[in-house]
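Here is a short briefing to read with the model open beside you.

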Amino acid sequence: MIFPKDADLSRALEFTIEMDKMKSIFRRSSIFDGSRRENDAEHSYHICAMALAFEKFAPEGVDLLRVLKMLIVHDIVEIDAGDTFAYDKNANLSKKERESAAADRLFSMIENGAELRALWEEFDDMQTPDALYAISLDRLQPFLANCLNKGDTWFAGGVGKEAILARMAPVEKGIPALWPTILELIEENVEQGYVGK
């Protein structure tokens with residue numbers, strides 16, 4: 001393949017080709033109809049669309065463009081690090097190290113990589129209104145997949161109510177209007193036997 005002579009244009013093209021790998025990284029979560037596992041690209045697209053749908057309920061002062069950038073790059077590191085199941089305690093022990101090494105490589109590929117890496121780090125830190133909104137959407141999407149698919153990954157992974165509550169906690173600040181519904185859905189899934197008590 002021929003690359004442009006302009007170095008930054010060439011890097012943007014190489015980065016574009018590298019990002020295609022996200023389509024081959026399959027997550028634990030199913031798509032909402034339960035027919036198959038979703039890939040990282042589908043997940044990232046879906047939560048970006050959710051950011052638009054829930055914008056009215058975002059915390060005051062949220063910058064939607066920054067949130068969309070965060071959501072697009074939040075799982076980019078899984079190209080190298082792989083998808084780590086949220087409730088797998090052992091796999092999560094090495095997650096930060098694996099993802100940091102992946103971030104070093106991937107964000108160095110593109111001219112504005114420092115900006116994108118800073119957004120990726122902000123997302124993981126969950127301290128700003130933008131990050132809280134973004135992380136809430138990231139947590140909400142697989143949560144809904146589980147609710148629509150009889151506990152899917154919760155049931156298969158033996159995940160209990162307290163772990164789900166802890167995982168979903170950012171939603172209380174990130175999309176506060178939705179928090180009561182989250183609590184009700186957790187109780188509904190417990191009652192139906194899809195999660196432990």
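Predicted model: local features only at pLDDT ≥ 70, side-chain atom pairs only at ≥ 80, totals over all residues.

Residues are numbered from 1 along each chain as its sequence is written, and side-chain values use heavy atoms, with hydrogens and water left out.

**Helix packing**
- Helices H8 (residues 129–148) and H10 (residues 161–168) pack at about 145°, their axes 9 Å apart.
- Helices here are DSSP runs (H or I, at least four residues) numbered from the N terminus; axes are lines fitted to C-alpha atoms over the stretch in contact, and angles run from 0 to 180 degrees between N-to-C directions.
- Arg-139, Leu-140 and Phe-143 of H8 meet Ile-164, Arg-167 and Met-168 of H10.

**A residue within H8**
- Asn-146 sits in helix H8 and is buried, at 4% relative accessibility (buried is under 20% relative accessible area, exposed over 50%, partly exposed in between, with a 1.4 Å probe and protein chains only).
- Beyond its neighbours within four places in sequence, Asn-146 is in contact (heavy atoms within 4.5 Å) with Gly-151, Asp-152, Thr-153, Trp-154 and Asn-189.

**Loops with positive phi**
- Most residues other than glycine have a negative phi.
- Met-126, in the loop between H7 (113–125) and H8, has a positive phi near 55° and is partly exposed at 27%.
- Lys-150, in the loop between H8 and H9 (152–157), has a positive phi of about 55° and is exposed at 58%.

Terms used
Helix = DSSP H or I, 4+ residues; strand = E, 2+ residues; numbered from the N terminus.
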